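Here is a short report for a reader new to this structure. Take a look at the model first, then read on.

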Amino acid sequence: MAKEMKSMVELTKIKSDKVGHIFSVRAENELQNGNCVKLGKVEVENPEIYKAEKAKEGDLVALVAHPWIVKDANTRGQDQEYYFSIDAGTPARAYELGLEDFFAVTAESLADGTDVETLTANETFLVPDGNKWKVAATNPEKGTVLQFIRKYDRTAPRVQMVMAQMDKNFKVPTFYNCRVVHHSL
């Protein structure tokens, strides 16, 4: 049975992985690495966990980037980052974003219907849309705003090469590198 590809994230240069805030969040829906979440209320029973809410343009968001492990994997080929998701109701790690932070996500983090071929380096802006990122018509004046920088294919490790030989539909993941150009209300 073929598994569904999930979103991935690469933390290229995120200040919060060294000196900023890393939040524990819990969502009512499945989350994937590279998703964005708006921080909601703190849980009364567990005050270190925030409710992960769906965001909209103009909101400040945190970036979901949780260590991956595929629990139902039977083989090394199944235990891959591109099959990982965070089940609804399970706490996840989300990083605070700041100006000039750089990170990359795969197309699965972009809103449905996004034409990745139209993304233009240093001209395309992305904003929150639910838990994904959508293309903005202009550079918005508030909330979290990303600027698309470049796209690149991840170098395929041995397991990905084996997967590509076993499954002719398998493609090496393409990452879309962005930088935070606005992060305030």
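## Terms and basis

Exposure comes first: a residue is buried under 20% relative accessible area, exposed over 50%, and partly exposed in between, using a 1.4 Å probe and protein chains only. By that scale E100 is partly exposed, with a relative accessible area of 35%.

This is a predicted model, in which local features need pLDDT of at least 70, side-chain atom pairs count only at pLDDT 80 or more, and totals for chains, interfaces and linings use all residues. Residues are numbered from 1 along each chain as its sequence is written, and side-chain values use heavy atoms, with hydrogens and water left out.

## Two loop residues with positive phi

E100 sits in the loop between β6 (92-96) and β7 (102-106). Strands (E, at least two residues) and helices (H or I, at least four) are DSSP runs, numbered from the N terminus. E100 is not a glycine, yet its phi is positive, at about 70°.

N122 is also not a glycine, and its phi is positive at about 65°. The loop between β7 and β8 (125-129) holds N122. With a relative accessible area of 48%, N122 is partly exposed.

## A buried threonine

The loop between β7 and β8 also contains T124. Is T124 buried or exposed? Its relative accessible area is 8%, so T124 is buried.

The side chain of T124 makes a polar contact: it reaches the backbone nitrogen of T120 at 2.7 Å. Such a contact is a pair of N or O atoms within 3.5 Å; within protein, one must be able to donate a hydrogen and the other to accept it, and residues adjacent in sequence count only if both atoms are side-chain atoms. Leaving aside residues up to four places away in sequence, T124 touches T118, L119, V135, L146, Q147 and F148. Contact here means heavy atoms within 4.5 Å.

Two strands pair if DSSP finds at least two bridges between them. Six strands form an open sheet in the order β1-β7-β11-β10-β8-β9, with antiparallel pairing. β1 (9-13) and β9 (132-136) stand at the edges; each has a single partner strand, so one side of each lacks a neighbour in the sheet. On average, neighbouring strands of this sheet are turned by 40° against each other, direction ignored. The axes behind such angles are lines fitted to C-alpha atoms, for helices over the stretch in contact, and angles run from 0 to 180 degrees between N-to-C directions.

Now follow the pairs. β1 and β7 run antiparallel and are joined by three bridges. V9 has V105 in β7 as its bridge partner. β7 then pairs with β11 (residues 174-184) over five bridges, again in the antiparallel sense. There, F103 has C178 in β11 as its bridge partner. How many bridges join β10 (residues 143-153) to β11? Ten bridges join these antiparallel strands. In this pair, R150 is bridged to N177 in β11.

## Around strand β3

β3 and β4 (residues 49-53) are antiparallel and share three bridges. They form a hairpin with six residues between them. L39 stands opposite A52 in β4. β3 (residues 36-42) is also joined to β5 (residues 62-64) by two bridges, and these strands run antiparallel. C36 stands opposite L63 in β5.

E48 lies in the loop between β3 and β4. E48 is exposed, with a relative accessible area of 55%.

## Aromatic pairs

A pair of aromatic rings is described by the distance of the centres and the angle of the planes. Rings of Phe, Tyr and Trp (its six-membered ring) pair if their centres lie within 6.5 Å; planes under 30 degrees apart count as stacked, over 60 as edge-to-face and the rest as tilted. A search of the whole structure finds five such pairs. F23 and Y50 have ring centres 5.4 Å apart and planes at 85°, so this pair is edge-to-face. It links distant parts of the chain: F23 is in β2 (residues 22-26) and Y50 in β4, 27 residues apart. F23 is buried at 14% relative accessibility, whereas Y50 is partly exposed at 25%.

Y82 and Y83 form another edge-to-face pair, 4.9 Å centre to centre, with 75° between the planes. Y82 is buried at 1% relative accessibility. Y83 is buried too, at 12%.
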